[in-house]
Amino acid sequence: MALKNAMILLCSILLPIFFNAELSADSNKQPLPPFSCDSTNPSTKSYPFCNVDLPIEKRARDLVSRLSLDEKISQLVNEASAVPRLGIPYYQWWSEALHGVGGSTPAQSGVSFNGTINAATSFPQVILTAATFDANLWYRMAKVMGTEARALYNEGQVTGMTFFSPNINIFRDPRWGRGQETPGEDPFLTSKYAVSYVRGIQGDSFEGGDLKDGRLQASACCKHLTAYDLESWNGNSRFTFNARVTKQDMVDTYQLPFKSCVQEGQASGILCAYNFVNGVPNCVDYDLLTKTVRGEWGFQGYITSDFHAVEHLYEKQNYSKTTEDAVADVLKAGMDVECGSYLANHTKSAVEKGKVSESDDIDRALYNLFTVRMRLGLFNGNPSELPYGNLSRNDVCSREHQDLALEVARDGIVLLKNSANLLPLSKSEIKSLAVIGPNANVSDTLLGNYAGPPCKTVTPLQGLMNYVKNIEYHEGCETINCTSISSIKVVKELSKSADYVVLVMGLNQDREGEDLDREDLVLPGQQQRLITIVAKAAKNPVILVLLCGGPVDISFAKGNPKIGSILWAGYPGGAGGKAIAEIIFGDHNPGGRLPVTWYPKDFIKIPMTDMRMRPDPSSGYPGRTYKFYQGEKVYEFGYGLSYSTYSYKFVSVSESKLKNLGNILVSNIGSELCERAKFLVIVSVENDGRMAGKHPVLLFLRRDKAVKGSPVKQLVGFQTLKLNADEKANVEFEINPCEHFSTASEDGTMLIDDSGLQYLVVGDQEYPMLSTQMFSKKNSQFF
C-alpha cells in the first residue's frame, strides 16, 4: 500500500508535465500550466468535451461518459488524478485565497511559490478588512486575488483554480480562534462581504451579472456550511461538536450569508463543515445540501467536504456504520468531492456492495466537478490564447496591488480612544520615540492565518522609523505570552526619556487560530502590567496599538488617563506597519469601525457551546452579537473614532406616511410587491473637522424593545464616502422592507411585524417610523 501511494503521488506530480506542461526549448521559460484539449494533440481534439462550441453541460456529460469506474473514483478527491488517455492532467481542488493567494501547506495546496513568482499581495486579515465597511473595496481586493491567481496559473505555478475562500461564518463567540478569518458578527455585513468577494475573484462586475457565458477567472468556495464557529473548547472539538440551532437563528443568522453567497454572488463552490447541526453532520445533510442549497437557492457548482470530514463520519463521529456507508452518506446527500482520500479508498467497495450508484451518485458529482473546471477554461486548449491568458508574473505584487493592500489596512484600522486629541502626533515637533512591545517588530504577526508569502512586510517599528530618526525599541516581553517582563528598569528608563511611547501589544496565532480557541478575553500574561508600568513612567500619555483578530477586554486601558490613544489594527497584512505609522502621524485619518462586539472578560462564563443568538431572561443568558446581546460591552459593534467629527441629518425618507398593515409574512408578500415596496433614505453627512477623511456611514433599524425574538437593533445599510474638511454630502440608501425590516419567527419563517415604534438610526440621529410604513397606499389593496 505504501508503494502504491508513493507511485500515485509521483504520478500526480509528473503527469501534468508529461501531458501539457512541457518545458519550452528555451530553458528560461516556465512550463505551461496544466490544461486539457490541446489543439495540437490529434488524439484529443476530436472529443466532444473539447468542442468549445458545445454547451458546457453537454461537454461535461460527454467527458464523464468516457471515464471508467476507477477513473471516475480518482476524480472524487481533492487530488484528482490525471487521465492520460484523455489528455486530462492532475488537478488539485484545494487552494486558498482568504486574504491573498496561498495559505495552506505546499503538500495540500494547488499553488506553489517555488517558481519565478515567490510571493503574492498580502491583504489584511478579513476581520480588519471588514472594518472598512466598504463593499467596493472588498470587491477590488478580491479582484486582485483573482488576477494574481490566474497569473500564477499562467506561469505554471498553480494546479488548481478552485479556492476554498471566503470564510463567511458568523463570529458568534469572541473566543473563536478563526473569527479573525470572517467579516464579523453581523449576517447582513457578512452577506455583503461574501457577494463582493465572490464577484471580484470570479471575474464578475461589482454589480454582478457579467458572467453571462459562465466563464470564471477563479472559483470561490464559501465556507463552512453551516453553524461552524468552534474549534476546541472545554473538551468540545470542531470534529464532533453538535451545534444545536433553532430554526429562528438558522434562518436569520447562520444561513443568511451562504444564501447571499449563492444567489447574489453566484459562487461556484460550497464547503460543508465538520460539525453536526441538530444531530446531523453537515456533509451528510440531504436537506441542507440538496434541498436547500441546490433546490431552494439554485446553487450551480461543486460541494466539497472539509479536510478529512468524510473519514470523521466513521472514524470520529460514529455516524456512518461502515466506511462504505460514509461514502454513500455524503454522495447521496449531494456532496461532490472530498478534501481527503476516503472516497478514493472506499467508493469502489461501496459500489460493489450496492450502497452507491455509479450513474446516479458518482456521475452526478463528476458532472458538477467537470462543469466548474470547464467554466475555468481548463478544457479550452492553451490558456495563453484564452481570456486572462496575458496575465503573468508582472501582474503579481505590482505597485498597484501593493497600494491597494495599504489602502485596505489604512481604512480598516479602528481608533478606539483619543483623549485630548493626542493623535495625530506632530511630525515636526517629536524628536524621540520609544517603541515597546512583543508585536512591534515581528513580521509574521501582521499576517494572521491562511496567509501566503507576502511581497514585502513593514512592521510597526519599521513604519515609525520613517517618521522619527531617534527611535529606541524594546520588546518588553520575549514572546506574546509575556510570562515575564524583560528588564523592567530598562523599559522604565526608556519610557521616561522619550517624547512619546508607542506600545504594540495583542495576540498572534499562538493564541488564536484554527483548532485553537481562546480561554480568556484578556491580554496574555503580563502584557497588562507592562502597559501600566510604561504608561505610568512615560512623560506624556502613551499610544497603545493592538494586533489581534478577536476582541480583548482592555477596560483598564480605556479608563487609564495615561493611555491617551488606542488603535486596533487587527492583523493588517504586509503593509500593516506602514498604515499604523501613517495614522499615528496624521498622514491618514482613521475611519474603521468595529465589525464585532468587544465583550467584557466575564463573558467567558457563557458556554461557548450555547449557539443561541437570542437572550433568555429566565436563565440569565444574555444573547450574542450586538443584535441581541443584553449585557455590558467594552466597545460596541460599529464603534470607531476619527480625527474628524461627523454630523448627520435625515434629509428625506420616501413613502413614509403609509398605512399600518399589521404582521406580514414575507412569503405572502411576493417578490414583485417587495420590489415595489422599496424606498429611499437620504442622509446628509458633514465633516466638521480639520482633516479630510474616509467615513463609513452605518444605517440601523432600532426597535423600542425586542418582541418575539426580534433584534433590538440591526444594520440595514452602510456606505463609505470621502469628505474634505467642512465638506458635506448626501448618502442614499435603498431599503427593501422584505430584506431589511423582516425578522425570523420561531418556526423559521420571515415576517415583518408592527410591534411598537421603530427608528432609522445613523450616528446620533433617529427617524421614527412604524415597521410597516414601507408599504405605500398604492400597494395596500394586496392585503
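Student: Which residue meets Asp704 in a salt bridge?

Tutor: Side chains of opposite charge can pair when their charged atoms come close. In this predicted model, the side chains of Asp704 and Arg702 meet in a salt bridge, at 3.9 Å from N to O. The cut-off is 4 Å.

Student: How many salt bridges does the count give?

Tutor: The count comes to 37 salt bridges. One of them joins Asp325 and Lys355, with 3.0 Å from N to O. This pair links distant parts of the chain, 30 residues apart. Asp325 lies in helix H11, residues 323-333. Lys355 sits in the loop between helix H12 (342-352) and helix H13 (358-375).

Student: Is Asp325 buried or exposed?

Tutor: Asp325 is buried, because its relative accessible area is 16% and buried means under 20%.

Student: What about a pair within a helix? Where are Arg399 and Asp403?

Tutor: Both are in helix H14, residues 399-412. They are four residues apart, which means a separation of about one helical turn. Arg399 forms a salt bridge with Asp403, and the closest N and O atoms are 3.3 Å apart. Arg399 is exposed, with 58% relative accessible area. Asp403 counts as partly exposed, at 38%.

Student: Which residues are linked in a network of salt bridges?

Tutor: Arg178, Glu181, Glu231, Arg238, Glu514 and Asp515 are linked in such a network.

Student: Where is Lys536, and is it buried or exposed?

Tutor: Lys536 is in helix H18. Its relative accessible area is 72%, so Lys536 is exposed.

Student: On to polar contacts. Which side chains does the side chain of Asp747 contact?

Tutor: The side chain of Asp747 makes a polar contact with that of Ser745, at 2.4 Å. It makes another with the side chain of Thr749, at 2.7 Å. Asp747 is in the loop between strand S24 (743-744) and strand S25 (750-752).

Student: What separates the C-alpha atoms of Asp747 and Gln248?

Tutor: Those C-alpha atoms are 6.2 Å apart, while Asp747 and Gln248 are 499 residues apart along the chain.

Definitions and conventions: Residues numbered from 1 in each chain as written. Predicted model: local features only at pLDDT ≥ 70, side-chain atom pairs only at ≥ 80, totals over all residues. Heavy atoms only, no water. Helix = DSSP H or I, 4+ residues; strand = E, 2+ residues; numbered from the N terminus. Buried < 20%, exposed > 50% of the residue type's maximum accessible area, 1.4 Å probe, protein only. Polar contact = N/O pair within 3.5 Å; in protein donor to acceptor, adjacent residues only side chain to side chain.
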